Amino acid sequence: MAFDPQREDYQRLGLRFARSLKGKNAAQATREFITFGRRFAQDRDSLPQSDSDRAFHLVTLASRRIDYELPFADEQRAHRIIDDGHRILEEAISLDPHCYDAIRMKSAAASSSFDAFLTFLNERSDEVRTHCEEQRAAIPPDEPSERARLMANIAMRPYLRWVATQAEEALICGRNRESLRLAHKALELDPSDMADVRFTAALAYAKLEDESGLQEFIATRQKTRLARPSDDAWTRLALLSLAFKRHDLEEAIAHLDKLLDSYPHAAEALIRQNELPEGVFARLAVAPYSEDEIILALSEATVLLQEGIDLQGRGVLSTWLIQETARKRPQAMLAVLAQQANDAQSGR
Amino acid sequence: MTIAMDARKEQIRRLALKRRRKLGSLSDEAFEELELAVREDPMRFVDDDEEQAFLQITQVLDRYEQSRHDDDLLDDEQYAQKREQRNTALVAACDQALVTYDGCVDALTLRLLALDLSQAELFDRLLETHESLRSNEGSVQIPVAGDAWANVFVRPRLRLQAALARTGINTSRFRMTCDLCMDLLARAPLDALGARFTCALAMARLEDEKGFDWLDSREGRHGNAWFHLSRAILMYKLGRIPAARRALRGFDQLCAGGAYLLLQPMYVDTYIPDRPTFEPGSFQESMLCVHEADPIISDIPDFAAWACDQKGFLASAQDFCTRNGFQWRNWDE
């Protein structure tokens with residue numbers, strides 16, 4: 001599901017616009033609402049909005065630049081993007097001192113270490129929760145129930161993203177039990193799991209080698225029927241790593257086969273194992289079962305892949321995955337090697 | 001560094017026990033006499049292939065140990081070359097011992113360790129050996145009570161299992177490591193091989209506070225480098241920073257050079273076949289402990305930096321460095 005900042009920006013202004021039409025007759029309201037999409041795209045300032053809506057819009061701009069443009073930029077452009085991103089986030093915070101998305105994103109870049117960022121998130125988590133709950137409580141009681149539900153949901157999202165980021169950072173810091181606790185907290189708040197925090201949980205269970213915990217977690221999630229089935233790349237990599245840790249290589253290979261079958265160009269992704277920067281707004285929104293999704297999952301599974309002593313310095317599971325994938329898909333290995341040689345030649 | 005396995009002593013015991021079995025019952029005094037006679041001239045008492053192979057291992061371990069005496073005088077390249085020659089000789093000697101007697105467990109273990117395989121392959125092959133021996137358990141009597149280490153014929157199997165458990169840490173198989181160590185502790189509670197130290201590290205990595213506490217109380221909470229460092233890691237991972245700080249202070253104050261080694265790790269060669277011997281509280285102990293903990297520390301990206309930031313830790317490390325004539329390396333150099 002993931003968080004899409006553009007879509008959320010649209011929803012926020014849409015809800016406010018709908019509220020501004022209150023008291024108008026149905027025909028008038030419908031006529032005006034038809035103009036909303038055009039005005040949102042071309043004449044945003046003409047729409048009713050609060051400072052917090054404006055600040056959130058700046059968050060979407062910063063997210064687009066940092067999360068979606070930065071990974072593809074050359075060094076010179078990267079510096080400009082980072083500077084722009086900071087400036088935009090500063091502006092968002094000055095417009096709305098409670099813009100916790102901007103506060104979190106700014107701190108992600110400013111923190112000197114993973115640990116420092118996690119400490120920052122932990123220290124301010126309660127404050128974020130209180131603020132989001134106040135926003136939710138302030139929803140006018142006369143809103144139609146469906147709209148009120150969406151407003152309540154949007155009000156809590158900055159906190160959900162905050163907790164999901166805490167869980168992810170705790171995992172990176174090697175605090176796996178803490179990561180699991182936070183993931184469960186996020187799931188309690190939002191059983192539909194917009195933040196896809198269950199992916200982080202699957203990796204944390206694997207780090208703790210808690211196989212029965214992971215199986216139980218999968219079974220419970222399946223009962224809720226809200227999320228996708230647990231055949232995503234994160235869960236699959238967690239199960240694969242658990243089998244590998246048990247030295248059940250046959251089962252590990254069966255999981256690898258499933259990954260190769262369920263994702264396009266999975267072999268290349270498994271051989272490359274690119275490490276991407278974390279999304280600063282939230283986990284990047286990618287299509288389920290897409291090539292992007294397996295690339296993203298492998299990047300997050302670095303905590304599993306790069307552990308242990310290995311001659312290549314890659315990590316024990318990382319090397320095993322490359323070897324097994326190359327054995328099963330020699331063409332993919334050749335293609336990756338050719339690409340790497342090409343990149344080296346052109347100095348990339 | 002002194003290798004831990006006292007092969008000569010084990011051989012004397014083995015030969016004396018086998019001879020007693022042949023002679024029928026002997027009084028304690030007579031057995032002591034017999035042991036003295038074996039010590040004088042062990043070769044004379046070797047009368048089966050198994051002991052012949054064990055003798056070959058004893059001799060090669062002597063040569064191995066002797067060849068390490070002047071390692072400290074060599075530069076990196078010379079050291080690498082000598083190390084390779086030494087390992088090649090060890091593999092060849094193990095091969096010969098296995099020709100003499102293919103069931104020589106120490107030869108199987110030492111051969112794998114000296115082959116300089118990747119840790120992943122080493123684990124695969126040690127595990128394969130361990131499992132194939134376990135399926136043929138019948139040949140060796142493992143006592144149900146008492147300490148298996150007391151049976152000198154079982155020791156090679158215990159050594160193999162301890163080496164496998166340590167390789168489990170290097171290949172991120174912490175649950176298996178714990179299981180292997182707990183099994184060793186159940187069969188040989190006096191734990192001559194120090195499996196509890198390996199287990200402490202694995203439990204810290206798995207954030208298993210209950211397991212660690214059990215192990216710590218079993219140890220009488222006396223601690224040593226492994227227990228102090230494992231506790232610091234465990235508490236840090238669980239976010240209990242004051243407790244982590246106390247454990248780190250213990251590691252710094254009670255383990256010679258602990259702080260220095262955590263910030264400036266030192267190279268330690270493969271254990272042949274066991275963890276080398278060390279004096280309690282010695283620099284050697286700290287060095288082995290930090291070396292074994294390395295894969296776990298690397299998995300906690302900010303742990304060393306956090307330790308460095310704790311009051312007095314860096315100063316203690318640098319002070320130890322200066323006092324002992326080591327050179328402080330800056331990582332950005």
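Colleague: What conventions apply here?
Modeller: This is a predicted model, in which local features need pLDDT of at least 70 and side-chain atom pairs count only at pLDDT 80 or more, while totals for chains, interfaces and linings use all residues. Residues are numbered from 1 along each chain as its sequence is written, and chains are lettered from A and ligands numbered from 1 in the order in which they are written.

Colleague: Which domains does the assignment of chain B give?
Modeller: Domain 1 (1-112), domain 2 (117-192) and domain 3 (194-333); the bounds come from an automatic or database domain assignment.

Colleague: How many residues does the contact take from domain 2 and domain 3 of chain B?
Modeller: Domain 2 of chain B gives 16 residues and domain 3 of chain B gives 15 residues, where contact means C-beta atoms, placed from the backbone, within 7 Å.

Colleague: Which element gives the most on the domain 2 side?
Modeller: α8(B), with eight residues. Helices are DSSP runs (H or I, at least four residues), numbered from the N terminus.

Colleague: Turning to chain A, at what angle do α1 and α8 pack?
Modeller: α1 (residues 5-20) and α8 (residues 145-172) of chain A pack at about 135°, with their axes 11 Å apart. Axes are lines fitted to C-alpha atoms over the stretch in contact, and angles run from 0 to 180 degrees between N-to-C directions.

Colleague: Which residues meet there?
Modeller: A:Glu8, A:Gln11, A:Arg12, A:Leu15 and A:Ala18 in α1(A) meet A:Arg147, A:Leu150, A:Met151, A:Ile154 and A:Arg157 in α8(A).

Key: Contact = placed C-beta atoms within 7 Å. Helix = DSSP H or I, 4+ residues; strand = E, 2+ residues; numbered from the N terminus.
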